[in-house]
Amino acid sequence: MSRALAAISENEAARPTPDAIMKLGSAFWGSKTLLSAVELGLFSELAASGPLAAEELRDRLGLHERSARDFFDALVALGMLEREDGAYRNTPATELFLDRAKPSYVGGMLEMQNARLFGFWNSLTEALRTGNPQNEAKTGGDFFEALYSDPERLRGFAKAMSGLSAGSAQAMAATFPWGRYQTVIDIGCAEGCVPVVLAREHGHLRGGGFDLPAMAPLFEEYVAAAELTDRLRFYPGDFFADELPSADVLVMGHILHDWNLDEKRLLLERAHRALPDGGALIVHESIIDDDRRENAFALLMSLNMLIETPGGFDYTGADCRGWMADAGFRQTYLEQLVGPDSMVVGIK
């Protein structure tokens, strides 16, 4: 190749293209395709039946013939299904995590995103201009009040929280030095995924979960299904109105980001009061990297708090460690868990 042609080729390679822009701008197409598949129970159907031809799968899901094949093949192209000799089957990941019959199911969070958040996010521009939530609060309602007063919605929310926390709970069970502690209580526990995972992995641990009283039946049902009622119990209360129960370790998962800075500080101060000397507080969620460049999921989650709450926001590890120090914790550290999630640990 001549020097001139090489220079032209090099310039072509360096020239910007719109590919990444267009891919991101249309990312909601793939997202909604997956969310609809979860809503339809497609992955659960394939988990129960095994591989199915397109027509059989279409018939079982009750889909119109016009675009069913495109729908299935789009899921293949997106890496959510496999196809061999005309038959569709789950990937190893969708078989494990998107089959409603398995305890590893994480689709509860996706179900909530599909049923609620997908539509609310269409008002992100308005939220950015006004600073106001765009969920039920937009029409005068209160998200948490409406949620806890509707048993069916509360059950869906609790399952979503389990899906969101399951991976982090497993990582936390493996990395935190639980042998030094005897008791643990999850603050804002939902149905109890985190304490159940911890108790299963560490047979000496006892404790339970703290949440509003309406969550008690769901927690007790979940713990009973795990056969852990002898070691885990429900503690009813409101963490803004009541003092927190005491344990060697308190856990706050996907809790702090719901609230404004003053409320965050209050919750950390209450946790510090409730812990014994040497006790630990574990805060886990999608912690933003300190340089605010890498953890896109955490930054988008913070925008989701704009959509969902009056003052909530996500934060960096340095932010949280500083607030913990102000609350009186003598030692703090940050540790990555799984995916975009990390934990910030404070020792009293």
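How many nonpolar, polar and charged residues are in the lining of the second largest pocket?

Analyst: Happy to take you through it; please keep in mind that this is a predicted model. The lining of the second largest pocket has 22 nonpolar, 11 polar and 7 charged residues. The pocket itself has a volume of about 600 Å³. Altogether 40 residues line the second largest pocket, and the closest to its centre are Phe144, Phe157, His254, Ile255 and Asp258.

Several elements build that lining. Those that give two or more residues to it are helix 8, helix 10 (143–149), helix 11 (151–175), helix 12 (193–201), strand 5 (206–211) and helix 15. Helix 11 supplies the largest share, with 6 residues.

For helix 8 (residues 107–120) and helix 15, the axes come within 10 Å and cross at roughly 85 degrees. Helix 8 is therefore roughly perpendicular to helix 15. On the helix 8 side the contact is made by Arg116, Leu117 and Phe120, which meet Asn304, Ile307 and Glu308 of helix 15. By class, the residues of this contact divide into 3 nonpolar, 1 polar and 2 charged.

Glycine 311 counts as partly exposed because its relative accessibility is 28%. Leaving aside neighbours within four places in sequence, glycine 311 is in contact with Trp259 and Asn260. Aspartate 230, by contrast, is 81 residues from glycine 311 in sequence and 39 Å away in space, C-alpha to C-alpha.

Most residues other than glycine have a negative phi. Alanine 190, in the loop between strand 4 (183–187) and helix 12, has a positive phi of about 55 degrees although it is not a glycine. Alanine 190 has a relative accessible area of 5%, so this residue is buried.

Aspartate 85 also has a positive phi, near 55 degrees. This residue lies in the loop between strand 2 (81–84) and strand 3 (87–90). Aspartate 85 counts as exposed, because its relative accessibility is 80%.

One more residue may be worth a look on your screen. Serine 44 is found in helix 4 (residues 42–49), and its relative accessible area of 16% makes it buried. Not counting residues up to four places away in sequence, serine 44 touches Leu98, Asp99 and Arg100.

Finally, here is the wider setting. The chain has 16 helices and 10 strands, and its C-alpha atoms fill a box of roughly 70 × 55 × 45 Å along the principal axes. Of its 348 residues, 47% count as buried. Among contacts between residues at least 6 apart in sequence, 68% join residues at least 24 apart.

How values were computed:
Residues numbered from 1 in each chain as written. Predicted model: local features only at pLDDT ≥ 70, side-chain atom pairs only at ≥ 80, totals over all residues. Heavy atoms only, no water. Buried < 20%, exposed > 50% of the residue type's maximum accessible area, 1.4 Å probe, protein only. Contact = heavy atoms within 4.5 Å. Axes fitted to C-alpha atoms, helices over the stretch in contact; angles between N-to-C directions. Helix = DSSP H or I, 4+ residues; strand = E, 2+ residues; numbered from the N terminus. Parallel < 35°, antiparallel > 145°, perpendicular 65-115°, else oblique. Nonpolar A, V, L, I, M, F, W, Y, C, P; charged D, E, K, R; others polar. 1 Å grid on protein atoms, 1.4 Å probe; cavity = no way out; pocket = protein on both sides within 12 Å on 5 of 7 lines; lining within 4 Å. Points joined across faces, edges and corners; volume = space filled by probe spheres on them.
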